[in-house]
Amino acid sequence: MNARSGGDADVASSPPPDGDGAGADVACDSDMMSEAVGPGALAGIVGGAAFGAAMIDLGSLETIASLARSESVVVGFVIHFVIAIAIGVGFGLLVRFQRPGVGETLFWGMAYGAVWWFVGAVTLLPLLSGEPLAWSVDAARSLVPSLIGHLVYGAFTALGFVVFDRRSRHRVVSAHPTIGSVSRGAIAGLFGGITLALILDAQPGRPTVSSAMTTTDRPLTGAVTVLVGVVAGIGFALLHPNAIAGSGPALVRGMVYGFLAWIVLAVTVVPLASGDGLTWTVDDLRDGFATLPGYLLFIGAVPALVYQWLTSLTRAVASDRHAGGDQEGVGTQGLRAIFGGAAAGIVGGTVFSIVIVRTGDLPGIASMVAVDSPTVGLVLHLVTSVSIGVGYGVFFVKRSNDVSSALGWGISYGVFWWLMGSLTLLPVLAGGSPQWNVEASSEAFPSLVGHLAYGAFLGMVFYRLEARYDPWWVSRNAAEERRARRAADQLAGSAPALWVLTVLFAVVIPILLAPA
Amino acid sequence: MGGTERRGPQIAAGAFCGSVTGGLLAVLMVFDDVSSVSLLPVGTPSVQIALHLVVAAAIGAVFGWISPRTDRAHAALTSSGLIIGLLWWVIGPLTFVPIIRGDGTMWSLVQATPVFSTLIASLLHGSATGLCFAVVGGPRILPWSVPTASRGVGIDENGDQVGDDEAQPAEPTRVVIVGGGFGGVAVAQRLEALALDGSGIDVTLVSDRNFLLFTPMLAEVAGSSVEQQHISAPLRAACPRTRFVRGRATDIDVEARLVRVAEAPRGEVCYDHLVVALGSVPDDRDVPGVADHCFSLKTLDDATRLRNHVISMMERADVETDGAERRSLLTFVVAGGGFAGTEMVAELCDLAHSALRHYPSVPIDELRFVLVHSRDRILPEIGAELADYALDKLHARGIETVLGTHVDGVTPTSLTLDAGTEIATRTVVWTAGNQPNALVTALGCELGDRGAVVTDATLAVTGLDRVWALGDCAQVPDSEGGRCPPTAQHATRQGTTVADNILAVEQGRDPSPFSFSSLGTLVALGHRTAVAEIRGRRFSGILAWFMWRTIYLFKLPTLEKKARVVVDWTVDLLFPRDIVLTTDSPQRDLGDEPERDDDHTARPATTTAGENGA
């Protein structure tokens, strides 16, 4: 059986270096105008149109018009488009060296939009309007609809850039969705949707996938949740037909995708379909917060992980192609990952324990085994830290090639476990239900700080340990370099954007949505 | 040539960018409260501004230090900067600032909310610093970088590399290591570790074996308690970032700075630094018959051949009807009472007794094991008390020792001692001496005892430029005015020193003298018994045996081999030793002509435990 004859053609075909981006040819400086400025400007128009439509609904174009000392909506719309185009050009310049493809560029767009919320809406716009910086929480809360708008602008700008990006047409190896990949996405989404439906059903007040849904019919809300899962799963498969390189990156990417799905489905599409208009205000988002962790975990992260595993399994069964040139074998690589992850987990857990001791949460951890001893709590915490560290080692083996990427993956992994651990499993193991509400997430903010510290140290220590015995990113010649690049070019993909979005929604959103 | 670590420029570039963006951020203080914008809001407004600028530069420097090694990654660097900014917010405004104020940490949401403005300041500063760093070309001054698709390099449909070739790294310093024993591998591994910090050194290892032989366990292979492949780690796995040339070095031209290796491209390997780690070969000390009729214990082949020979002798003894002949077949003599000889005779004893149940016609009282040693006591490297303990243990197990006696000659059927005694035997194992590999004479440098290369305290070969020597083939002065013993322990540490000194020379620093005192010695005596002397403390019995196995297991290269040896040892605890002959050809007697290398002088590099253990 040759490489293309068995099972899924997409699985058997040549996998790209990372994700769906493929081995790409990228822009040169001389092509800046044609490959960055032009497509960026056009993409800015697309993003500006989407954001502009939302601004009409939100009635915020007058604020933009104030830049020209006007209150005219038309003037505001024109200024908005000029700004959108200019920022779109900036996007083109910034991502012209990144790997093309919708699965990568989309997240860059969102991260770019989020940064521009800080730069534009929160900083420059008030200054140009002669007002003080909007850096206080109250001022920032009033600009939450703008934050969502900037994320939408970024997403649409990214999609537009992909359409107008000349590099995308010149990709040497392309990856297209197939029936197989879409089916795996649907299965993964189905799994996530069913899990989320069961959890939401057990929650107090039985929240639905969107606060705009008013029905309380259990079968209907459950079916809608499952449907959302399947749709999101298919969407993920369409973005990443070849799956992501590695379980860990898939987990993080899925989490960010879950955030995108929450914005698109929970606070935009469903409310619009319900005739409620956009629900982007702070109060609206607080109402919908009950489903945000669910989206992040069970519409995003877990289905992405399942999708990754299904794709790997299919590839292993159906493809004769050798996976790559740098496989050490499960025994060697696995044992190293386990030992390294455990060691890194101990370090990270020790740092985390400083936070826990200060906040006095050790008895709460001990309650998982029905005791309230701080010592037992500390032991349980360290054991858990080691276990999660082992998970990091297994999921993120050969994913960090410098301290920066180690921090990125480690912190993102820490955020995942804040959601999965502090807000979900810990309350369940203590005899309750997942604490997916703004009050609980606010109370768990110290735990988030601890998880960030844990993740940072976990990532850095594991990177150092990995560097000691296998600095896989140091290559001796071109052939080895090509093999190493499969993982090393994550910076050319959207991994850094994922890290940014992860920390932003983990830190900024709880602060903005905290009870006043 | 590259060859030097250059972190300074990118740290400076990062500090510059951090300062610039910090200054821009400080401008915003005109429009708002200073403490809302300052990255370190402590003290009076003027102090806050000063601290803000200092912290901004420091964050930039840290960013420059840890920034991704990728060119043309504006977006990635901006993102990384933003994450650094977030971390600073947690470390600074949420942790150190309140601690300085005496308020404790501010990790709760209620406490963090009022300093939300500093989060925005930190995020903006971090991301702007990253973008600035990308724009001013910070990553381009990195000593090496991972070429990614973002560098304009891609893969075409044939799997070939395509894209631009600009920004090629500087030509690295070429270090060639001749010899794949403990010393040579230690040099390569250390240089690999240094390369992580951007040392820009290209390492080539030349060895005619593609594996590192863990000689301390060689006796266990001969004793059939460990599989032969399990004590040898592939050099390509032990030194994954080193270029490896499997071939025999035939000549060294120090004028042209090259090593001739037939198997290498163009038959030679050029170097900027040469590391001579050729090890040693057995020394028959001109004793008649040793070269032709004795087994040595330097290679895997030696160990396997000896194992097969012992089992073959048992097979023949089982059907031998002549008593004298049978006793001759069942007599095993080891010449040399150092580490290797003592461990070998104990392992042979274990093997023969373990296999005895399969040979019903072999009387147990006809098994004879003799250890011949020229000095008054065995194991001269350890204290007399422990050596006596070891001697007692050997005697208790029925092993004879002949001390203060030299071997006068070996014939196909006997061994003659200088006292005139003759021992009828078909098996003599020679562990009584080693000598440096003869290829060292090609260096044309000063040679010391038995032809060893004379080095100074920094391991540089006397009289030669950028040529280093270590291990069994070198005569290295120790810190007490004596000479370093040729042990694997010393060879490994010497390798680390050589690598550090090569880097020091490349960076214009003075090389450091080698200094190391032995950690201790371990000798296995078979039958779950050993003696050990660790940092002056003495151990014996099963505890020492456990230490022997644990320590050597940790020293065994590669995780895979460790796992395999653990399995071997576990099986050895539960089952008798394997007596399968791994060759169909009849085992040679002492009277047969042994297999020998054509070119004895160019025997492969083997850093040996030899007489000295590891």
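I started inside chain A. Pro293(A), Leu296(A), Leu297(A), Phe298(A), Ala301(A) and Val302(A) of α13(A) touch Phe416(A), Leu419(A), Met420(A) and Thr424(A) of α17(A). I sorted this contact by class and got nine nonpolar residues, one polar and no charged. I note that the model is a predicted one.

Next I checked the geometry of this pair. Helix α13 (residues 292-318) and helix α17 (residues 403-429), both of chain A, have axes that come within 10 Å and cross at roughly 125 degrees. The crossing of α13(A) and α17(A) is left-handed.

Then I looked between chains. Helix α21 (residues 495-513) of chain A meets helix α4 (residues 74-101) of chain B, with axes within 9 Å and a crossing of roughly 35 degrees. This crossing, too, I logged as left-handed. On the α21(A) side the contact residues include Trp499(A), Val503(A) and Ile511(A); on the α4(B) side they include Ser79(B), Leu86(B) and Trp89(B). The class count for α21(A) with α4(B) is 13 nonpolar, one polar and no charged.

Last, I turned to a sheet in chain B. Its three strands run in the order β24-β25-β26, open and antiparallel. Which strands stand at the edges? They are β24 (520-524) and β26 (537-541) of chain B; each has a single partner strand, so one side of each lacks a neighbour in the sheet. I read an average twist of 5 degrees from one strand to the next. β24(B) is joined to β25 (residues 530-534) of chain B by five bridges.

Notes:
Residues are numbered from 1 along each chain as its sequence is written. Chains are lettered from A and ligands numbered from 1 in the order in which they are written. This is a predicted model: local features need pLDDT of at least 70, side-chain atom pairs count only at pLDDT 80 or more; totals for chains, interfaces and linings use all residues. Side-chain values use heavy atoms; hydrogens and water are left out. Axes are lines fitted to C-alpha atoms, for helices over the stretch in contact, and angles run from 0 to 180 degrees between N-to-C directions. Helices (H or I, at least four residues) and strands (E, at least two) are DSSP runs, numbered from the N terminus. A crossing is left-handed if the near helix is turned anticlockwise from the far one by less than a right angle, and right-handed if clockwise. Contact means heavy atoms within 4.5 Å. Ala, Val, Leu, Ile, Met, Phe, Trp, Tyr, Cys and Pro count as nonpolar, Asp, Glu, Lys and Arg as charged, and the others, Gly among them, as polar. Two strands pair if DSSP finds at least two bridges between them.
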